[in-house]
Amino acid sequence: MGLGELLRPVRSRLGAAIGLQAVGAVVAVVPFATVAELARVLLAEGPADKGAAWTVAAVAAGALMLWLALNTVAGAIAHAADLDLQLSVRRRLVDRLGRVPLGWFTDRGAGGIGQAVQHDVDTMHHLVAHSLLNLTASVVTPLATLVYLFVVDWRMALILMIPLVIGVGLFVRMMVSLDAQTAAYEEAQERIVSRVIEFVEGIAVVKMFGQARRAHRQYAQAADDFTTFFIAWISKGYRATAASALVLGPVTLLLTVLAGGTALVSSGSLDPLDLLPFAILGLSVAAPLQALDFHGHDMEMAGSAAKRVGALLAAPELAIPDSPRRPETDGGVRVELSGVEFAYDADRPVLSGIDLTLEPGSVTALVGTSGSGKTTLAKLLPRFFDPTAGTVTISGVDLRSIAPDQLYRLVSFVLQDVRLLDADVRDNIRLARPDADEETVRRAARAAAIDQRIEALPRGYDSMVGTEVRFSGGEAQRVSIARAILADTPIVVLDEATAHADPESEALIQDALSELAVGRTVLVVAHRLASVVGVDRIVVLEQGRMVEQGTHEELLAAGGRYARMWALQEHAGVEHAGVEHAGVEDADGHDAYAGAGIVKEEER
């Protein structure tokens, strides 16, 4: 989607504004032309015609007032169109982003999306509200001036055209030279920005390992490379730019007018008074032409911004069923994955041949090496992605047949990277249930072992996250768990929820997870095998395939991939990282929830 398509809703109003601006640009020439006509009246032979002089002055004043009115109305229409455009585009962006699969955001940073929603829309604002009108004036005013000057004397107009043609030619040459390297310039900018971010974000690590000087050298080299490229890029056009500015400068134009006018007046073929319009108006012809550079740059920037906004508006939507179905949840929910395959692209399969059933009220753990597909498989349940083959069902209903709002009443998830909103703590917890009352929110916070921390804040639950309080990683994780507890969904997905927690925070998080897991169907992505020894079933993934499954004891006895992973982690002492292996017994007496790192109530 390009700039023209985005501007379609306001195109008629923009056309009206541009038309009024064009008329205003023509009218703007009149006051200057009347100065020359006033000189004719006052310098005519015989007594001055005062009536004619006042008439010319009145025409000049009227033209000035009309120009002001036309510009004001054109600007008002353009700004009104711009406000509607910004509102329309931002609403469309928010609407589209609310309907794309959650997994779509995985490969895209918040900075790029934020740039499109905020900065790129602002860039188009400058184009719609200002640049198009300025561009119109910069084109129409010189044309109207030249028409008037050709009417006065076509020979002098042709003489004036000589430096204009040369200057515009040099300007076009410069623009073509620079535009050919624009893509390379943007790539060079991206490289230097990447180096800056890498240097700043990694400074603590490189200093820790005594590599600060090396990191600085890499940054300095990138900066030097960018400087070299930039100088070479600019040098291709600066000579043409300087020559164009010189040729179109007022001194050059004045000399051209005086030289040509003197020759014609001396030969008797030009009335000296006819030279005055060229001396007054001729000098102002070039100024709008020189401004075309800035307006052209605005157009180019707006075009690039429109492409980025258009790319977001073209993002694939999550398929929504025409006739949504509701799974039966009485007596628990069963999740089944049948023949599931998934690939981010055709050449990069991530999951293959996944057949897995999560029984109601059970805890299933996914383990495997990094890149084995654990997180991708877990994210199929909350429909971050749709499988490229096979089905994922809840109580026999395909996820694609469930409306998204209904799905998220069935599935909640706690990820290792927590995102808290710039809102008060209360609203962060009741994100899934905005209508939850105060006591319900506090009960969820107590169950997540975060209530005491919140109460200790100066404003308690009214404290604003990000400004009045900054939670640690473990604390933010417990706020996220409180959200999931409050959502009260029958299915919970836990993606290495304790991955970044210190031992003390991990113990509190796992206490909170025990509250969250009771009575629910739970899928756990685990890195530390010691935290899943008591789950109902452990599924081992390798290169996107299920290679083993069973209980901890069964897999150890089998002596396969899981047993080797266990031996390696046991040797490294990972199983002693402050995690209790005992779990809450379910109705059958099994240690069902140990996968969430849960300890028995009497052991707390």
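Predicted model: local features only at pLDDT ≥ 70, side-chain atom pairs only at ≥ 80, totals over all residues.
Residues are numbered from 1 along each chain as its sequence is written, and side-chain values use heavy atoms, leaving out hydrogens and water.

**Exercise 1.** Work out how the chain is built overall.

*Solution.* Start with the elements: the chain has 21 helices and 10 strands (DSSP runs, H or I of at least four residues for helices and E of at least two for strands, numbered from the N terminus). Next, 43% of the 604 residues are buried (under 20% relative accessible area; exposed is over 50%, partly exposed in between, with a 1.4 Å probe and protein chains only). Last, take the contacts (heavy atoms within 4.5 Å) between residues at least 6 apart in sequence: 74% of them join residues at least 24 apart.

**Exercise 2.** Find S362 and say whether it is buried or exposed.

*Solution.* First, look in the loop between β2 (348-358) and β3 (363-368), where S362 sits. Then check its cover: S362 has a relative accessible area of 9%, so it counts as buried. Finally, list its partners: leaving aside residues up to four places away in sequence, S362 touches R520, T521, V522 and D536.
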